[in-house]
Amino acid sequence: MAIVTTGLDLAKNVFQVHGLDEVGKVVLRRQLRRSDVERFFCSQAPCLVGMEACGSAHHWARRLTAMGHEVRLIAPARVKAYVQRGKKNDANDAAAIAEAVTRPHMMFVPIKSEDQQGVLMLHRSRDLLVRQRTMLVNALRAHLAEFGIVAAKGRGKVADLVASLGEADIPALARSALHQIAEQIDASDERVEALEKEIVGWHKSNETSRNLATIPGVGPITASALAASVPDPSAFDSGRKLAAWLGLVPRQNSTGGKDRLGHITKTGDSYLRRLLVIGATSVLRYAQDKAPGKAEWLKALLERKPARLASVALANKMARIAWSVMVRGEVYREVYPVPKAA
């Protein structure tokens, strides 16, 4: 019996395959070594292949697609509901993937190209270096505070702390260690700047990223991350689906006809969600200074809600606008309400 649907559980060395025929009957359960995966799928007729969107998933999705198979990536959290309780192993994971990939309501992860993954690696590397730089700055502040040397808050005040190392009355051993931390901070600054130049260069060469940057609160970093993370915006039925995918919609706990909305779900890509919230926060800072007739929605929201809640609401709106910009292939055009006649 021909295999119509295949669940593939990815691993480092040993992969698990679970094959179903057209009526859903199991016709294949097999383990494959990494070197045998391509040979196995080359020998199979084109079929639907489901995989969890984990490490190396996009690589295998591209390879199997090139062989003629239809590949769909599923978020691991969505596969978990189909795993038999108390029977967690590779074979049952592959069976759960084969079951989940056929569900009509299932949401799938867009397959990224090598170019898009390369851009996202620039973003992840930059984010890692920024976090490491923050750790170094905090360590420098904490160590100098032990000798009574402090500086005002802010990244720009770190230079004052570094300058004080040559004049402060601190032990030579401590000064040697702190100079090494200061050198690490300078090296991190240079590396972050180099990565940002590469990101901006890709942003300028990508039309979708340039269009996204026309949205208020979206700069080259956020625009390029969105363009690379959402290769096919038509995979989402609406802007709300994209906002939900980013975890920017309220969590529901409704029953008996009563709607109960809680905090945002925070599912999906936390990096993209953070960039959108930061961009929304920057827009909010100047919302009250806008001329009458501009940013009225934000002004009204800030009168009713706290600033942090308003920034998340604006981030949700920015995600919906981003979906519209990507689907239409156009730049953002702000439309102001027409004033009512006297």
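Predicted model: local features only at pLDDT ≥ 70, side-chain atom pairs only at ≥ 80, totals over all residues.
Me: Why is His 123 called buried?
Reply: The relative accessibility of His 123 is 0%. Buried means under 20%, so His 123 counts as buried. The residue lies in helix α5, which spans residues 114-145.

Me: What makes the link between the side chains of His 123 and Tyr 271 a polar contact?
Reply: The two side chains are joined at 2.9 Å.

Me: How is the packing of helix α9 and helix α11 described?
Reply: Helix α9 (residues 220-229) and helix α11 (residues 270-284) pack at about 145°, and their axes are 10 Å apart. Their crossing is left-handed. On the α9 side the contact includes Ile 221 and Ala 225, and on the α11 side it includes Tyr 271. By class, this contact has 7 nonpolar residues, 2 polar and no charged ones.

Me: What classes of residue make up the contact of α11 with α13?
Reply: α11 packs against helix α13 (residues 307-328) at an angle of about 115°, with 8 Å between the axes, and the crossing is right-handed. Among the residues in contact are Gly 279 of α11 and Arg 308 of α13. The contact has 11 nonpolar, 3 polar and 1 charged residues. Arg counts as charged and Gly as polar.

Technical notes:
Residues numbered from 1 in each chain as written. Heavy atoms only, no water. Helix = DSSP H or I, 4+ residues; strand = E, 2+ residues; numbered from the N terminus. Buried < 20%, exposed > 50% of the residue type's maximum accessible area, 1.4 Å probe, protein only. Polar contact = N/O pair within 3.5 Å; in protein donor to acceptor, adjacent residues only side chain to side chain. Axes fitted to C-alpha atoms, helices over the stretch in contact; angles between N-to-C directions. Left-handed = near helix turned anticlockwise from the far one by under 90°. Contact = heavy atoms within 4.5 Å.
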